[in-house]
Every structure is written in structure tokens, then in C-alpha cells.
Amino acid sequence: MKKGLFIFILMFSVIISGCGANKKDNEDKVIKVASQAPPMTDVVKEAAKEAKKDGWEIKLVQVNDNVAYNDMVSSKEADASFAQHKPFMEKYNKERDANLATIQPIYDAKVGFYSKKYKDINAIPKGTKVAIPNDISNEGRALAILEEQGLIKLKDGVGVNGTTKDIIENPKDFKWLKVDLLNLAETYSEKDVSLVYNYPTYISKIGLKPADALFLEKNIDNRFSIQLVAREDNKDSDKIKALNKAMKSDAVKKYLKEQHKDTLIPSF
């Protein structure tokens with residue numbers, strides 16, 4: 001009787017241990033990706049379909065702002081994020097002493113300036129307000145686009161790294177309204193704002209798309225590609241390799257070209 005009981009307990013223990021191992025194996029196949037809004041979240045969902053073919057589960061963790069997705073990856077609550085370009089990530093690393101790392105550029109968003117009042121760049125009056133992002137990485141890109149159009153001139157060599165302090169010529173005497181990227185679209189209807197910089201993701205909230213812009217970025221700088229981002233300590237892991245493979249798959253590229261051709265350009 002005692003021998004039979006011992007064998008039963010032993011077998012039960014083996015079964016429980018096996019279940020625990022299987023659960024751990026399943027968890028190791030889950031890749032958590034933090035993202036913020038479409039089309040970034042849509043791309044993650046498409047990549048999940050591809051990863052599933054190789055036995056991986058990509059779990060999308062959607063957040064509401066431009067800090068949370070980095071915080072989650074930095075604190076290891078998520079394995080990776082898909083929501084930002086490299087300069088923005090570098091700014092986060094510097095401010096938070098973090099160790100995030102870019103893995104793969106996925107697409108370039110069609111960015112530019114929108115105007116509710118004007119259809120001709122020459123009609124923009126002097127002394128008007130221009131709404132631009134209040135974070136330095138996006139501010140520089142916005143100013144570089146204005147320089148492309150001949151509306152301002154920056155110090156030589158500044159490029160996309162400039163700030164309003166680097167403007168050496170401002171013939172229309174623009175007044176700068178610096179706003180959080182998430183709130184820029186709201187300035188479109190303000191009566192004293194003639195130009196508003198924005199991304200397709202955010203301007204779509206008010207029913208606009210890049211085709212509605214007064215002018216778009218001419219020279220695309222791939223540093224501003226929306227990137228897959230992980231950490232220095234996990235960037236070479238099997239999870240990130242599997243995620244990267246899915247994100248830059250032919251299926252995802254086809255999806256970008258067919259479903260979002262009006263707002264972005266694949267960068268892989």
C-alpha cells in the first residue's frame with residue numbers, strides 16, 4: 001500500500017513538473033511589444049500573423065502616450081516597442097539614463113505642414129504663428145522642412161538638429177508655438193495659427209491625410225524611420241530575432257504598400 005502511494009505521488013510530481021515546464025516554454029514564446037497608435041499597432045498585428053508561423057506569439061501592449069512604451073521596455077515589462085524614430089529614442093536614453101537600442105527601421109511617415117486657411121505658401125502672412133513639436137528631435141525635423149521651402153534659414157550644418165535658436169533668417173517673422181506632438185492637431189483650428197507640423201497618425205484625428213498638407217518633407221532622412229526598438233541586453237535574443245524577422249517580412253511590406261501607401265513608405 002505504501003509502495004503504491006509512493007509511486008502515485010512520484011508520478012503526480014512528474015506530471016506537475018511537466019506542466020510547469022510546458023507553461024514556462026509557452027511563456028518564453030511570447031514576445032511583448034509596446035506600441036501607441038495606428039498604423040504602428042496595425043503593423044505589430046500583421047507581424048504577429050507571421051511570427052505565429054514560427055511558433056511565436058507577439059502580444060501587443062497598447063499605451064496612450066509617447067513615454068509609456070519606452071518605460072515598459074526599459075523596465076522589462078515589454079520586450080520591445082514599435083512607435084518612434086531613432087532621435088526620439090536617443091533623447092529618451094539621455095534623459096532617463098536608459099539603454100534602449102534600435103533594431104530595424106520599418107517605415108518612413110510622410111510628414112509636413114498643414115494649413116486650414118492657406119492653399120498657397122506665398123499667401124502665408126508675416127507675423128503669424130507656426131505650430132511645431134516641443135521635443136527637440138521633432139522640432140529640428142520640422143524646422144528643416146521649413147528651410148526646404150525657403151521660409152526660414154538655419155545656421156550652416158545644423159540640418160535636422162536645429163532649434164528655433166538656430167534660425168538666422170525668418171523673413172515672415174514667424175512666431176513659434178511649441179506643442180506636444182500628441183496635441184499638435186488641435187492647433188489646426190486656432191485662428192492665429194497658419195501652419196501646423198504633423199505626422200499622418202496624429203493629423204488623421206481631425207480627418208486629414210498627407211495629401212491635404214500644404215507641403216511635405218522633400219528629403220527623407222532615414223534617421224526618422226519608425227523603428228523596432230529593444231534594449232541593449234536583449235537585442236540579440238531569440239525573441240527579438242524572431243520579432244525582427246516578422247516585422248520585416250514580405251507580408252508586412254505588402255501590407256504597408258497596399259493599406260498605407262498614402263501615409264508612409266516602407267524602409268526595409
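1. **Before we start.** This is a predicted model, in which local features need pLDDT of at least 70, side-chain atom pairs count only at pLDDT 80 or more, and totals for chains, interfaces and linings use all residues. Residues are numbered from 1 along each chain as its sequence is written, and side-chain values use heavy atoms, with hydrogens and water left out.

2. **The largest pocket.** The largest pocket has a volume of about 310 Å³. On a 1 Å grid over the protein atoms alone, a pocket is an open set of points with protein on both sides within 12 Å along at least five of seven lines, a cavity is a set where a 1.4 Å probe fits but cannot get out, and lining residues have an atom within 4 Å of a point. Points are joined across faces, edges and corners, and a volume is the space filled by probe spheres set on them.

3. **Who lines it?** Helix H4 (86-96) gives the most to the lining of the largest pocket, six residues, and helix H5 (136-148) supplies at least two. Helices (H or I, at least four residues) and strands (E, at least two) are DSSP runs, numbered from the N terminus. Among the lining residues are Lys86, Glu90, Ile136 and Phe224. By class, the lining has four nonpolar, two polar and six charged residues; here Ala, Val, Leu, Ile, Met, Phe, Trp, Tyr, Cys and Pro count as nonpolar, Asp, Glu, Lys and Arg as charged, and the others, Gly among them, as polar.

4. **The second largest pocket.** This pocket holds about 210 Å³ of space. Of its 13 lining residues, Asn66, Val67, Phe88, Lys91 and Asp180 lie nearest its centre.

5. **The cavity.** How many cavities of 30 Å³ or more are there? The count is one, with about 180 Å³ of space in the largest cavity. Met40, Ala83, Tyr199, Tyr202 and Ile226 lie nearest its centre, out of 19 lining residues. H6 gives the largest share of this lining, three residues. The lining has 13 nonpolar, six polar and no charged residues.

6. **A loop residue.** Ala98 sits in the loop between H4 and E4. Is Ala98 buried or exposed? It counts as buried because its relative accessibility is 17% (buried means under 20% relative accessible area, exposed over 50%, partly exposed in between, with a 1.4 Å probe and protein chains only). Beyond its neighbours within four places in sequence, Ala98 is in contact (heavy atoms within 4.5 Å) with Ser74, Tyr92 and Asn93.
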